[in-house]
Every structure is written in structure tokens, then in C-alpha cells.
Amino acid sequence: IAEDKKIEFTSAKEIIREKFLNSIKYHMRSDVPIGASLSGGIDSSSIVCAMRYLEPNSDIHTFTYVAKDSSDNEEVWADEVNNFIGAIPHKIYVNNRDIVSELDKLIALQGAPFNSSSTFAQYKVYEKINSLKIKVILDGQGADEILAGYDSYIGARISSLLAKGEFKSSLSLIRNWSKRSSRSTRRILVNLLRSFADDKSLTFLKSSIRKNFRPLVDNKWFSNYGVKTVSYNKHVDFLCENLKERELILQLARSLSSQGLLHLLRQGDRCSMYWSIESRLPFLTTDFVDFCFKLPEQYLISNNGESKYIFREAMRDIVPKKILNRKDKIGFSTPEKQIIKELLPAFRKEIDDYFDLPFLNKDYLYSVKHNENIKINSGIW
């Protein structure tokens, strides 16, 4: 994880491009039909455009979940990419009522809790892929955790600058980051605090900011039976010991090996395997990751506040400019508030069954059942 201080941006950009294209070429090897997930974001768009770059005459099937009548709808971006490469597009529209009828099946196949309705959308995408007899799919999972694609990483980037004593650069980055997509300075400062806080402090901050925050799971119940929560960050922190000037890379390493990505990969694997689909992840190769983690942090989040900076530049003549210049980030998201509002009456009819489970927070369950203005915490699914 030590920084390669000698590598110049132009050289690094060419190496990133070469390694990514080699990974796509390797993951396209197949004796059966192959396709790709396409949201319209930079990661999935780069995959399908690289597929066309490497195979100018092949049929490329893309699969896009479309959130109708929602601000989360990225259909226009997916259309941009499909038209650019001449893909065979397939769009998946999810009916909220289907969630009620198929939720028990999804819970059973997952075998563990999941905290977002996007898991159901993913499940329906793989169902569509299976119906077309396509057995291999390329997916962009992991790119955000390698290339610093999430807004929350700005705190770690600023933390690195502060550790170097670069206070003016920190203030400049905050201003530039805010301007790029109307991100609030307050949100940046919250992310900065998160980069300094441990797990207990983060829980306290969340409870302080969200006054109505009540977790679904009662952790005290588990503590009474000797069940302890363990942080998996320690082995990652050891790799970066005495490297406070690399806080962003440390945070990326945590995300990649011990935090949210593991859950996303597990959920995706469960959905794909249920429909007999092999999901391949071109970004998650050791060669690509190792190289990215040795880069100077400003190559990932530029001083102008541009995330995935070096990767955007590396893909300039392969991916449409409109995609690479996007300042917003939606990802594989669903209109969760709309879905919950529509399905809440059905959930309330069944919620009595959960009061007997001793490890669930009874106050929270009662609020969901009786409070018309309840704000559903992530984790109800």
C-alpha cells in the first residue's frame, strides 16, 4: 500500500487502461453466451464499451434495471451507451407488488438479512438474463471501493492532506468538491469526522444526527449471551501502520476487504447462482487493485474534486464523454422510499409475527406498526 511517488500521471493512466482492458479480455473468455450489467454509470459503461473495443463485431447483450417514475432512473444514460456501442439492450422493470409475492423466496435464497430493495431488483435482472439462456455476465462491482467512487471517501482524502500539513489544499479541495455536484460542505465535514472516528463513535454520531434513529436489531440481547462484535479492520490497519498520509487508501482497503463490499458480493452471488448465472467482476483482480492502491491519492480523487479521476482519463477514447463527465452518482439503486410507502400496509399485517423474536427492537417494531409518519430505517427488508 506504500505510495509509488515516482510514477507520473500519464504513465499511470496508460497502465490503468492496459490492465483494465486485459482484465476485460480475460473475463470475456467463454464457451457460452455472455452479457453485461449496465446501469449507465462509469463502471458498467466502461465494461461494455471495453467489450466493444476488444470485440468490434460481436453481439453484446446488456441488462439494465429501470426505476420508472423515479429520480433514480438512469435509463437515459444506459441508452447513451447502448447506442454508442450498438448493443442488444434488455430493460427490466420491477413491479412493487412483485416484492410482496416473492419476498419470502428472496429471503430464503439469500439465507441472511439484506438491507436494500436493490437486492430484489438484482434478483429480477438475473431472472431476465436466465430467460435468455445467457450464462455469463460481466459486472462492475468493486470499482467504487478501488477507485474512490463514493462521496464518503472525500473525508479520508482530506484527512490525508491534513496529516501532511496541507491546510490550504484541504480547503481548496472542499470548495472544489462542493461545486462539482452541489454537495454540501456540511456533508463533507461529516465524512471527515467519520474518517477519524471508530465504530462506537460512528454509532454515537449516527444517533445524534438522526434523532429518530432506532436500530432494528437489539445488540444488548446478543451481548447478554456473550456474543461480541469484532472489527475486521485491524489487519488492514496493520498494512498501513504509520501511514496517516494515506488515509484514503486505508479506507479503500477497509471497504474492499472488511466492510460493505463483502455483503454486496455475497448478495449478488446468491442471486446469480440461484438463476445459474456466472457473474464475473473485471475490476476485482489483484493486479488491478494492487496497482491502484500504490498510486498517489490525488490520482483517485483529484485536487479539483473529481472522483475516479485517473480511470475517467484512461477511458477517454473508449467511453462516451457524456458518461465520463457525469457528476452525479446513482448506482444500482431503487426508489426505496416509494417502495416502502406502497408496501408498508402489507408489512404491518405481518409484523405481529416478529414481536416474538427476542433479538429485535420491540420499540422499533411498535413504531413501524402504529406510527403513520414512521421513517423506515435501512434494514427492514
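My entries on helix contacts and phi values follow.

This is a predicted model, so I kept to its cut-offs: local features need pLDDT of at least 70, side-chain atom pairs count only at pLDDT 80 or more, and totals for chains, interfaces and linings use all residues. Numbering runs from 1 along each chain as its sequence is written, and side-chain values use heavy atoms, with hydrogens and water left out.

**H1 and H2.** I checked helix H1 (residues 9–27) against helix H2 (residues 42–54): their axes come within 10 Å and cross at roughly 80°. That makes the two helices roughly perpendicular (65 to 115 degrees). On the H1 side, the contact (heavy atoms within 4.5 Å) includes Arg-17, Phe-20 and Leu-21. From H2, I noted Ile-47, Ala-50 and Met-51 among the contact residues.

**H1 and H15.** Next I took H1 with helix H15 (residues 286–293), whose axes come within 10 Å and cross at roughly 165°. I logged this pair as roughly antiparallel (over 145 degrees). Here Ala-12, Ile-15, Ile-16, Lys-19 and Phe-20 of H1 meet Asp-287, Phe-288, Phe-291 and Cys-292 of H15.

**Positive phi.** I found Lys-133 with phi near 65°, positive though the residue is not glycine. Lys-133 sits in the loop between helix H5 (118–131) and strand E4 (136–138). At 60% relative accessibility I called Lys-133 exposed (over 50% relative accessible area, 1.4 Å probe, protein chains only). Ser-276, also not glycine, has a positive phi near 60°. I placed Ser-276 in the loop between helix H14 (260–274) and strand E5 (278–280).

How values were computed. Axes are lines fitted to C-alpha atoms, for helices over the stretch in contact, and angles run from 0 to 180 degrees between N-to-C directions. Helices (H or I, at least four residues) and strands (E, at least two) are DSSP runs, numbered from the N terminus. Angles under 35 degrees count as roughly parallel, over 145 as roughly antiparallel, 65 to 115 as roughly perpendicular and the rest as oblique. Buried means under 20% relative accessible area, exposed over 50%, partly exposed in between (1.4 Å probe, protein chains only).
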